Each structure stands twice: as C-alpha cells, then as structure tokens.
Amino acid sequence: MTDVQAYLRAAAAADRHLLATGPFDVFIDPVSDHPYLNYAIPRDGAEPTPESITEVVTVMGRAARTPRLEFLPAAAPAAEAALLEFGFTEQLRTPVMARTAEDDGADAPIADGVLLQQLGPDVEREQIAGFMRTRAEAFGEPYEPGGNDGAAATFTRRIAVVAYAEEEVVGGGMCLEALEGVVELVGIGVAEAFRRRGIGTAVTSELARLAFASGVEVAFLTPGNEDTRRVYERAGFTVSDEMLHLVFG
C-alpha cells in the first residue's frame with residue numbers, strides 16, 4: 001500500500017533529521033538514541049547493493065544510532081532479500097490494517113452505560129489524566145502524572161476519543177496528524193476490567209469516523225496481537241500489508 005508507506009516516510013521526516021544515502025532515507029531523532037525512534041526506509045522500488053547498505057550502516061553508526069530499517073516490503077520488494085543477505089536480521093513483522101472512507105465499519109455492541117467523547121482544545125486536566133492513565137495501563141506501562149504537562153496542545157491538532165464508564169475514563173485512542181489524506185490510529189487501549197464489552201471496537205470506529213469526516217481518505221493501524229486484530233476487524237479494518245523491522249549488529 002504505497003500511500004501508507006508515503007505517509008510513514010513523511011511522518012518520520014516531520015520530527016527527525018533526514019539523511020539521504022543511495023536508495024535509502026535515514027531518519028535520525030535529534031534528541032533520543034532509542035532504536036525505535038531511529039531507522040531507515042528504502043525508497044519505493046529500491047534495489048539496494050551491498051555498497052549502498054554499507055553506507056546506511058555507516059551513516060547510522062556515525063550518528064551513534066543502531067542500524068535499523070522499518071518499511072513495507074511490498075513498496076520495495078528487492079530490499080528485504082538484499083538486507084537479510086547483508087546481515088540484517090528480522091526484529092518484527094506485523095500486519096498493517098487499513099480502512100478507506102468508502103468502507104463500512106461494523107458496529108459492535110457496546111455495553112450499556114459506556115459513553116464516547118471526543119477530546120478537543122478545551123480538554124480538562126482530569127480527562128487528560130484519565131486518557132494517559134488508561135493508555136499506560138492498557139499497554140502495561142507505568143503511569144507518570146507529571147508527563148501530562150503539555151498534552152492539551154496535542155488535542156488541538158490530533159483527533160482523540162475517550163470512553164467513559166462508571167464516571168471514569170476506561171479507554172481511548174487517537175489519530176496522528178493526517179498527511180495527504182492518510183492517517184494512523186494509535187494508542188487504542190481499554191482498562192483490563194472493562195475489556196470484552198465492545199469498547200475498543202467502538203473507540204476505533206469513532207476515530208475512523210471522525211478522521212473521514214475531516215477529509216481523510218485512508219486510516220490505518222498495526223495490531224499488537226491477534227486479540228487486537230479481531231477488535232479492529234470488527235471496526236471495519238482489514239489487513240492490507242505488513243510492516244517489517246530489521247536490525248544490524
């Protein structure tokens with residue numbers, strides 16, 4: 001799905017330094033050396049040579065970053081084999097699921113007493129805290145209240161939805177910034193005590209609906225496991241591609 005790969009390339013360039021080398025674009029985070037924030041993407045249709053791959057490894061090494069790549073193999077069919085032969089190894093391979101504005105999303109039953117609400121510029125501190133806390137719990141991460149500072153600004157440029165039950169936030173998710181009619185849905189999670197009630201599907205469907213209403217043509221996401229894949233399928237998303245993560249050394 002070329003439009004998704006183009007989106008991922010543009011999104012990476014938005015907050016990283018772009019270093020072009022041969023048939024690759026290398027994206028370096030200016031602040032963090034975390035491996036998942038620094039990676040290269042082969043250009044569409046790239047046919048890398050050992051020399052061009054060596055240059056990617058060198059460029060990332062000079063920047064004190066682990067040589068990594070994240071890309072859709074279908075966009076550069078010859079790249080995967082060349083990189084593996086050079087010595088890169090597969091870290092992760094995940095499905096990419098997409099839905100277009102013309103697709104119908106199935107409405108899964110949602111438990112009584114659950115309310116969805118879009119967050120906006122007037123978001124309250126309690127809503128931000130609930131959103132951040134629930135997301136951390138859903139992904140097994142520690143919740144740090146101090147990390148909420150500045151989060152309100154995020155909701156002025158991103159679509160975000162929370163689910164309320166028993167007068168508290170129990171789930172939510174958001175869209176990243178849309179680029180050329182494409183947007184990625186991220187951070188969709190539900191507190192463990194409220195799962196299997198249709199909340200995750202409802203949040204996903206609402207995010208997609210709001211994105212399409214804003215003019216987006218393609219919405220996509222990557223499921224973390226089979227359970228979340230089924231949640232997204234019920235929201236009308238289908239597997240359109242796969243994402244490949246490769247690392248060297």
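Analyst: Asp25 and Arg43 are joined by a salt bridge, and their closest N and O atoms are 3.0 Å apart. A salt bridge here is a side-chain nitrogen of Lys or Arg within 4 Å of a carboxyl oxygen of Asp or Glu. Side chains of opposite charge can pair when their charged atoms come close. Asp25 belongs to strand S2 and Arg43 to the loop between S3 and helix H2 (50-62), so the pair ties together parts that are 18 residues apart in sequence. Helices (H or I, at least four residues) and strands (E, at least two) are DSSP runs, numbered from the N terminus.

The model is predicted: local features need pLDDT of at least 70, side-chain atom pairs count only at pLDDT 80 or more, and totals for chains, interfaces and linings use all residues. Residues are numbered from 1 along each chain as its sequence is written, and side-chain values use heavy atoms, with hydrogens and water left out.

The two partners have their own surroundings. Asp25 counts as buried, at 8% relative accessibility, while Arg43 counts as partly exposed, at 30%. Buried means under 20% relative accessible area, exposed means over 50%, and partly exposed lies in between (1.4 Å probe, protein chains only). The pair also belongs to a network of salt bridges that links Arg9, Asp25, Arg43 and Asp44.

Asn38 lies in the loop between strand S2 (24-28) and strand S3 (39-42). This residue is buried, with a relative accessible area of 1%. Its side chain reaches the backbone oxygen of His34 at 2.9 Å. Such a polar contact is a pair of N or O atoms within 3.5 Å; within protein, one must be able to donate a hydrogen and the other to accept it, and residues adjacent in sequence count only if both atoms are side-chain atoms. Leaving aside neighbours within four places in sequence, Asn38 is in contact (heavy atoms within 4.5 Å) with residues including Phe27, Ile28, Asp29, Met60 and Arg68.

Ala64 is found in the loop between H2 and strand S4 (68-71). Most residues other than glycine have a negative phi. Ala64, although not a glycine, has a positive phi of about 60°. At 54% relative accessibility, Ala64 counts as exposed. Glu180, in the loop between S8 and S9, is another residue other than glycine with a positive phi, near 50°. Glu180 is exposed, with a relative accessible area of 81%.

How many salt bridges does a search of the whole structure find? The search finds 14. One of them joins the side chains of Arg93 and Glu80, at 2.6 Å from N to O. This pair links distant parts of the chain, with Arg93 in strand S5 (residues 89-100) and Glu80 in helix H3 (residues 77-86), 13 residues apart. Arg93 is partly exposed, at a relative accessible area of 31%, whereas Glu80 is buried, at 18%. A further salt bridge connects Glu177 with Arg157, whose closest N and O atoms are 2.7 Å apart. Glu177 lies in the loop between strand S8 (168-175) and strand S9 (182-190), and Arg157 in the loop between helix H5 (151-154) and strand S7 (160-165); the two are 20 residues apart. Glu177 is partly exposed, with a relative accessible area of 28%, and Arg157 is also partly exposed, at 48%.

The chain as a whole gives the wider setting. The protein chain has seven helices and 11 strands. Buried residues make up 48% of its 249 residues. Of the contacts in the protein chain with a separation of 6 or more, 70% are between residues 24 or more positions apart. Along the principal axes, the C-alpha atoms of the protein chain fill a box of roughly 60 × 40 × 30 Å.
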